[in-house]
Protein chains: 2
Amino acid sequence: MPSRMILTALTGVPEVTPGDDLVQVVADSINVSGEILINGDILVVAQKIVSKAEGRIVDFDSVKPSQRALVLAEQVDKDPRHVELVLQESNEVVKYRPGVLIVEQKLGLVMANAGIDHSNIQQNEAGERILLLPVDPDASANRLKDGLRKRFDVSVGIVINDSVGRAWRIGTVGLAIGVAGLPAVLDLRGEPDRHGRELLVSEQAVADELASAASLLQGQAAEGLPIVLVRGFSSNAPEQGADALIRSREMDMFR
Amino acid sequence: MPSRMILTALTGVPEVTPGDDLVQVVADSINVSGEILINGDILVVAQKIVSKAEGRIVDFDSVKPSQRALVLAEQVDKDPRHVELVLQESNEVVKYRPGVLIVEQKLGLVMANAGIDHSNIQQNEAGERILLLPVDPDASANRLKDGLRKRFDVSVGIVINDSVGRAWRIGTVGLAIGVAGLPAVLDLRGEPDRHGRELLVSEQAVADELASAASLLQGQAAEGLPIVLVRGFSSNAPEQGADALIRSREMDMFR
């Protein structure tokens with residue numbers, strides 16, 4: 001564990017559009033910000049720009065709601081096209097009531113609206129456009145990590161983060177939906193505390209904590225600072241993807 | 001929102017014992033670490049040292065389990081004295097099964113074992129000692145803030161954090177159980193995104209994000225770095241305590 005950690009929000013990140021090369025976007029932003037990547041750095045990248053680069057955009061008007069979406073839309077008081085997209089992106093509906101639709105998104109994330117985002121999407125002339133989560137954010141994180149290694153000969157960690165609400169807490173926090181080059185979870189089992197007692201709390205979700213830390217700089221509104229460079233966090237634990245953070249349904253006490 | 005944030009784990013924090021003055025503990029650690037507090041700094045302080053300073057320690061052998069604790073202890077396969085303490089510290093039991101006891105702690109926090117901690121407590125000759133959460137962590141945070149203002153003529157924010165598990169995620173993250181001198185939650189409603197659309201995600205739990213960020217440096221094992229100085233986070237939003245993070249039972253979809 002380090003004693004100092006520095007987080008820097010990169011400036012000059014352009015508006016990302018489908019097909020953009022995220023390695024190039026990061027490289028340009030690092031350059032404009034006057035930074036140099038070093039081994040062990042971690043880049044926290046907002047889900048929005050990953051989804052945009054990967055073309056995970058749907059024209060809202062093109063969505064045809066199913067019968068199931070129409071019925072559920074009535075119950076949750078939402079646009080049936082929005083509900084249709086949420087259902088397409090989900091394994092199951094977990095809870096709903098007027099104004100709220102909580103699902104298990106296809107990645108196993110339990111969240112409102114399958115993480116489908118109205119904000120920060122440009123309207124085109126044809127109408128509204130909706131952003132979906134990346135299909136495989138761990139793979140997206142690995143591609144970015146590998147691309148940066150090739151380009152800069154440097155080994156960095158990647159966290160793709162999103163702002164997600166919680167069951168028993170007010171407000172959203174940044175969570176890790178994709179991870180490469182670092183351990184998503186630190187297993188502390190067997191490590192004694194300073195009095196030699198075995199620790200009861202045994203796993204620390206460091207990727208989520210990194211996602212939350214970066215979220216403090218990213219802003220969610222007009223600022224638009226989607227890439228945060230984290231320097232000073234290191235761990236010798238084995239690398240894992242964000243799938244290590246998903247609690248299996250069998251271990252879930254709240255469904 | 002700032003573009004850079006620096007987190008520093010203070011060194012030289014002594015073993016805290018009941019009756020210790022936390023203002024003095026922080027002042028000494030700041031000094032040993034070669035830091036100087038400036039206006040707008042935030043200190044994230046681990047719950048453990050706040051609880052210890054406030055004497056929230058129970059001799060385990062002195063606990064007499066009630067009939068209710070004896071029955072529940074059988075069902076969750078835990079020591080009846082531990083279950084008795086958990087019940088004393090809780091408003092209600094939320095869920096349980098063998099090995100797991102989730103409650104609404106008296107502060108409204110939904111968490112395992114009411115945050116009662118076996119680790120990082122010294123055994124004395126009489127036997128095991130258990131650490132409870134502070135009675136009123138927002139008040140504890142305010143006292144520390146006021147004490148530091150008197151001592152250094154400086155206005156800092158305080159977050160008291162603890163490591164807490166989540167319903168649908170593996171691993172613990174740092175959460176804010178006490179807050180003073182900053183907004184626990186940022187209300188983003190009405191702030192447009194960069195395309196002028198109103199934001200749907202409207203509240204950001206910045207105190208929890210600060211608690212998680214600091215947790216990355218605190219370690220949970222032998223390192224023992226309970227105080228983290230955060231520089232570079234600022235907000236003009238009104239100050240709120242950590243009680244602003246508690247979702248009311250009526251708004252809770254999972255009980």
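## Chain A in outline

The model is predicted. In chain A the secondary structure comes to six helices and 12 strands. Chain A has 255 residues, of which 48% count as buried. Among contacts in chain A with a separation of 6 or more, 60% are between residues 24 or more positions apart.

The spacing follows a general rule: an α-helix has 3.6 residues a turn, so residues three or four places apart point the same way.

## How α3 meets α4 in chain A

The axes of α3(A) and α4(A) are 8 Å apart, and the two helices pack at an angle of about 115 degrees. This angle makes α3(A) roughly perpendicular to α4(A), because angles of 65 to 115 degrees count as roughly perpendicular. The crossing in which α3(A) passes α4(A) is right-handed.

On the α3(A) side, the contact involves A:R68, A:A69, A:L70, A:L72, A:A73 and A:V76. On the α4(A) side, A:P80, A:V83, A:E84 and A:L87 take part. By class, the residues of this contact are eight nonpolar, no polar and two charged.

Chain B has a helix α3 at residues 67-76 and a helix α4 at residues 80-88. Their axes come within 8 Å and cross at roughly 115 degrees, and α3(B) and α4(B) are therefore roughly perpendicular to each other. α3(B) passes α4(B) in a right-handed crossing. From α3(B), the residues in contact are B:R68, B:A69, B:L70, B:L72, B:A73 and B:V76, and from α4(B) they are B:P80, B:V83, B:E84 and B:L87. This contact has eight nonpolar, no polar and two charged residues.

The buried residues in α3(B) are B:A69, B:L72 and B:A73. They are on the same side of α3(B), because they cover an arc of only 110 degrees around the axis. The other side of α3(B) has the exposed residues B:Q67, B:L70, B:V71, B:E74 and B:Q75. The cover over the buried residues of α3(B) includes α4 and β4 (90-97) of chain B. B:D77 follows α3(B), and its phi is positive, near 60 degrees.

A:I158 is part of strand β8 of chain A, residues 157-164. Why does A:I158 count as buried? It has 30 C-beta neighbours inside 10 Å, and a residue is buried if there are 20 or more.

Apart from neighbours within four places in sequence, A:I158 is in contact with A:L43, A:V45, A:A141, A:L144, A:K145, A:V179, A:A180 and A:G181. One of these, A:V179, is 21 residues from A:I158 along the chain, and the C-alpha atoms of the two are separated by 5.6 Å.

Note on methods: Residues numbered from 1 in each chain as written. Chains lettered and ligands numbered in written order. Predicted model: local features only at pLDDT ≥ 70, side-chain atom pairs only at ≥ 80, totals over all residues. Axes fitted to C-alpha atoms, helices over the stretch in contact; angles between N-to-C directions. Helix = DSSP H or I, 4+ residues; strand = E, 2+ residues; numbered from the N terminus. Parallel < 35°, antiparallel > 145°, perpendicular 65-115°, else oblique. Left-handed = near helix turned anticlockwise from the far one by under 90°. Contact = placed C-beta atoms within 7 Å. Nonpolar A, V, L, I, M, F, W, Y, C, P; charged D, E, K, R; others polar. Buried ≥ 20, exposed ≤ 12 C-beta atoms within 10 Å, placed from the backbone. Arc of directions from axis to C-beta.
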